[in-house]
Amino acid sequence: LDSGRRAEAYANAHPGCEVFVGRGDAMLPLYRDGTVLVVRSIPMSALSPGMTVVFTGDRGALVAHTLMEKTLSGWRVMGVGNREPDRTRVNRRNLVGVVIKAYATALPGRQLAAQ
């Protein structure tokens, strides 16, 4: 099965999970562009530093970044490959869930035969 089908199969077998495809390079080297992510809905109280979460950013787009620290206004987050934390804080209103599985997509190029 390809990465998208494997992710969908996992999400379908586990309630509270959704599948998303990452775009961009803000999470390099952890996730490259096109990585298929399985995200599970969890309560805010279960969050801890270092988790990768999906949330709605200040421009209305979904973002997957890493939790840094809890503040009075919500969690500070930052893309692994970014130099600055996000302006948006993660809170109950914008949290989608935590990344629990990631499936890399195949890079274009010549395929090697298994030996």
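Modeller: Ground rule before we look at this predicted model: two strands pair if DSSP finds at least two bridges between them.

Biologist: Fine. How do you know that strand 1 and strand 2 pair?

Modeller: Count the bridges: five of them join strand 1 (17–21) to strand 2 (residues 36–40). The cut-off is at least two, so they pair. They run antiparallel, and E18 stands opposite V39 in strand 2.

Biologist: What is the order of the strands in the open sheet?

Modeller: The six strands go 1-2-6-3-4-5, with antiparallel pairing.

Biologist: And what makes strand 1 and strand 5 edge strands?

Modeller: Each of them pairs on one side only. As for twist, the average is 50 degrees from one strand to the next.

Biologist: Now the side chains. Why is the contact of D58 and R87 called a salt bridge?

Modeller: The N to O distance is 2.5 Å. The limit is within 4 Å, between a side-chain nitrogen of Lys or Arg and a carboxyl oxygen of Asp or Glu, so this pair qualifies.

Biologist: What does that pair tie together?

Modeller: D58 sits in the loop between strand 3 (52–56) and strand 4 (62–71), while R87 sits in the loop between strand 5 (74–78) and strand 6 (95–103), so the bridge links parts 29 residues apart in sequence.

Biologist: How many salt bridges does the structure hold?

Modeller: Two. E69 and R76 meet in a salt bridge too, at 2.8 Å, N to O. That is within 4 Å, so the pair passes. E69 is at 37% relative accessibility and so counts as partly exposed.

Biologist: On to the pockets. Which strand gives the most to the lining of the largest one?

Modeller: Strand 4, with four residues. That pocket holds about 340 Å³ of space, and among its 19 lining residues G22, R23, L62, V63 and A64 are the closest to its centre. The lining divides into 11 nonpolar, four polar and four charged residues.

Biologist: What makes up the lining of the second largest pocket, by class?

Modeller: Three nonpolar, four polar and four charged residues. The volume is about 260 Å³. D58 and R87 both line this pocket, and so do others including F55, H65 and N82. Asp and Arg count as charged, so D58 and R87 go in the charged class.

Conventions:
Residues are numbered from 1 along each chain as its sequence is written. This is a predicted model: local features need pLDDT of at least 70, side-chain atom pairs count only at pLDDT 80 or more; totals for chains, interfaces and linings use all residues. Side-chain values use heavy atoms; hydrogens and water are left out. Helices (H or I, at least four residues) and strands (E, at least two) are DSSP runs, numbered from the N terminus. Buried means under 20% relative accessible area, exposed over 50%, partly exposed in between (1.4 Å probe, protein chains only). On a 1 Å grid over the protein atoms alone, a cavity is a set of points where a 1.4 Å probe fits but cannot get out, and a pocket is an open set with protein on both sides within 12 Å along at least five of seven lines; lining residues have an atom within 4 Å of a point. Grid points are joined across faces, edges and corners, and a volume is the space filled by probe spheres set on the points. Axes are lines fitted to C-alpha atoms, for helices over the stretch in contact, and angles run from 0 to 180 degrees between N-to-C directions.
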